[in-house]
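Here's a quick report on some charged pairs and the packing around them. Have the model open while you read.

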Amino acid sequence: MAEENVESRRNKAVSSTWSSSKELEKLAEDEDEVVRLGVAENSNTPSSVLEKMAGDENEEVRSCVAGNPNTTSVSILAKLAEDEDEEVRMMVATNKNTPISLLEKLAEDEDEDVRIAVAENKNIQ
């Protein structure tokens, strides 16, 4: 059987109905960031896989992990809230699972977009 190309692996990664937890776990470690990005965006990716992906070298992958509704671990959200990339911090601020204590910290972020995202989070209102 021929090795799957990147596009095929990415399509599998983002497909909610076609990918099992085991497949997503394997694809989360793919060498291609586009494939990992697809896994991070997938609403069926288990929280255990997302936790591993929170340390990804690519800021877009970390950003998608931060915004994924299955990212529920307060310790992972706290780690991502201190990310050097403002987009990652902004996605933490939009996550419905981010606790108020963390939103209060992000409300003082140096980046205006992060602060706006906090203000728009329903948990803070």
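Asp56 is buried, at 11% relative accessible area (buried means under 20%, with a 1.4 Å probe and protein chains only). You'll find Asp56 in the loop between helix H4 (47-53) and helix H5 (59-67); helices are DSSP runs of H or I with at least four residues, numbered from the N terminus.

The side chains of Arg36 and Asp56 meet in a salt bridge, 2.6 Å from N to O (a side-chain nitrogen of Lys or Arg within 4 Å of a carboxyl oxygen of Asp or Glu). Arg36 sits in helix H3, and the two residues are 20 apart in the chain. Arg36 is buried too.

## Two more bridges

The structure holds five salt bridges. Another one of them joins Arg62 and Asp83, again with N and O 2.6 Å apart. Arg62 is in helix H5 and Asp83 in the loop between H6 and H7, so this pair ties together parts 21 residues apart in sequence. Arg62 is buried at 10% relative accessible area, and Asp83 also counts as buried at 10%.

Then there's Arg89 with Asp109, closest N and O atoms 2.6 Å apart. Both Arg89 and Asp109 are buried.

## H6 against H7

Arg89 also turns up where H6 meets H7: Leu77, Leu80 and Ala81 in H6 meet Val88, Arg89 and Val92 in H7 (contact means heavy atoms within 4.5 Å).

## Ground rules

This is a predicted model: local features need pLDDT of at least 70, side-chain atom pairs count only at pLDDT 80 or more, and totals for chains, interfaces and linings use all residues. Residues are numbered from 1 along each chain as its sequence is written, and side-chain values use heavy atoms, leaving out hydrogens and water.

Key: Buried < 20%, exposed > 50% of the residue type's maximum accessible area, 1.4 Å probe, protein only.
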